[in-house]
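Open the model in a viewer and follow the stops below in order. Each stop says what to select and what is there.

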Amino acid sequence: MKLRSLFVALFFAFVLFGLYFSMKLLYRHDSLNLLEYVPDDAQSVIEINSRSIIEESLISVLIASKDAETIEKIGELIKKEVYKKAGKGKGISINPMAECVFFTVTRSGIVYNGVVYEINNIRSFDRQIKKLNPKKKYAWRNDKVGVIISSSNKNINIENTAKSLISEVKKHNSTTSFTNDGLIKFKFKNQKLINDKLYDELKMELNAEDNTLDLKGEIVGLEIEKKELTKKIKPKNLHFSFAQVPKDLNDTIIGLVKSIGLNIPKISSFSMNFNGSKLFLMNSSFLFYPETEILLNFEENFSIDSLKNNDQFLQNVGITFNGQYFIIESEKLYLKQISENSIYLGSNPHPEFISSNNNIVEISGDLTRLTNLEASFLIGAAIQSRPEFQALKSFAESSKHVQIYITPSQNNKAILKGEILFNEGKSSLNELIKLILKSGI
């Protein structure tokens, strides 16, 4: 079986090399500015540097790591998407060696999705778009570029709005721009959590080098409050720290806890260590229990007495309080008053705290905690067998450490930096490709 897998991997390796050199010869190398076809008020723009990804992944997958699993996955994709179409007389309509751009834009409260790419085969493109229903998915092209617009709202006719969007981009010079760096580049504008705007603009880019995925960017128009998270949980497992909490999120949390009989003030900041999750069968329904340590800081004074002595809250949630901790099935959730406006909730009876730094957001630690799920029921097995879960589990187990943080700069700006470091002998690009191929993203 192993010998067969090796031969299959070697076969697809030769196929990939042959396909790559064919693309180098057949597809034009001149670079078009696809961002010109993106509306200026697009909320999000993602630009994928296909050529760099193809070139670097070939070196990484085939030469450096000899990763048979990734080679076979890519080979299966080529067999499914390329040779099947070629066998039916269909050419590849897009230029796989060129950049590809995705965007979202809102018109009259409805979000529209767009994709822009260089056309390789006009006849193939025309043949494919004839099959589209323009009321649901609208396509346009010139001699070099194709644009397809759709909406996740399947109950509307998008044709007139799509035509209007195409007319806009045909007669303007886009202000959207990126640097030349980055395998994948992102831009988000005027993003909202629910109703309130989080920031004016976020630009970031993702790069892969050896065993490290590197993320960097800048946030503009971030409303940074003049208060700091002075104390946080000592980081371990997978750690999260937020020095401020958006108003929308606060309102949502307050509304949720109020529905179970508990009134709390607004949360000003929090830090948390996440160890994993458990699924319990409780009162004929499943309870998702995260194993965490969390320090909550409120904008006003808050006493733990309102938790441990609140019979309505305890009855609504279906738990009991035993002096120092809540009892949830067989789990103990300890409760401590840290200061007049700070409380601790967690599985560790002796939490450790340290002084905070200047970061607004910090995520660090062990990614395997995300897929650390204990469940002895069929629902647990069903979750763990899903391709998305398996893909994330494989990605996390190949990683060694993650660190992402956002630090305030000047003039309502903030710097975003981060990295995912993988285990020795692992290629960051290989692991990213496997995550995408296995999960079907």
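At what angle do the axes of helix H10 and helix H11 cross? Select residues 387-398 for H10 and residues 428-439 for H11. This is a predicted model, and in it the two axes cross at roughly 170° and come within 8 Å. Angles over 145 degrees count as roughly antiparallel, and H10 and H11 are therefore roughly antiparallel to each other.

Stay with this pair and show side chains. On the H10 side, the contact is made by Pro 387, Glu 388, Ala 391, Leu 392, Ser 394, Phe 395 and Ser 398. On the H11 side, select Glu 431, Leu 432, Leu 435, Lys 438 and Ser 439. Colour the contact by residue class: six of its residues are nonpolar, three are polar and three are charged.

Next come the salt bridges, of which the count is 17. Three of them are visited here.

Select Glu 168 and Arg 107. Their side chains form a salt bridge, with N to O at 3.0 Å. Glu 168 belongs to helix H5 (residues 159-170) and Arg 107 to strand S2 (residues 100-107), so the bridge ties together parts that lie 61 residues apart in sequence. Glu 168 has a relative accessible area of 32% and is partly exposed.

Move to Lys 216 and Glu 205. These two residues form a salt bridge whose closest N and O atoms are 3.8 Å apart. Where do the partners sit? Lys 216 is in strand S8 (residues 212-220) and Glu 205 is in strand S7 (residues 201-209), so this pair ties together parts 11 residues apart in sequence. Lys 216 is partly exposed, with 39% relative accessibility, whereas Glu 205 is buried at 8%.

For the last stop, select Asp 366 and Arg 369. The side chains of Asp 366 and Arg 369 meet in a salt bridge, at 3.4 Å from N to O. Arg 369 has a relative accessibility of 22% and counts as partly exposed, because that class begins where buried, under 20%, ends.

Methods: Residues are numbered from 1 along each chain as its sequence is written. This is a predicted model: local features need pLDDT of at least 70, side-chain atom pairs count only at pLDDT 80 or more; totals for chains, interfaces and linings use all residues. Side-chain values use heavy atoms; hydrogens and water are left out. A salt bridge is a side-chain nitrogen of Lys or Arg within 4 Å of a carboxyl oxygen of Asp or Glu. Helices (H or I, at least four residues) and strands (E, at least two) are DSSP runs, numbered from the N terminus. Buried means under 20% relative accessible area, exposed over 50%, partly exposed in between (1.4 Å probe, protein chains only). Axes are lines fitted to C-alpha atoms, for helices over the stretch in contact, and angles run from 0 to 180 degrees between N-to-C directions. Angles under 35 degrees count as roughly parallel, over 145 as roughly antiparallel, 65 to 115 as roughly perpendicular and the rest as oblique. Contact means heavy atoms within 4.5 Å. Ala, Val, Leu, Ile, Met, Phe, Trp, Tyr, Cys and Pro count as nonpolar, Asp, Glu, Lys and Arg as charged, and the others, Gly among them, as polar.
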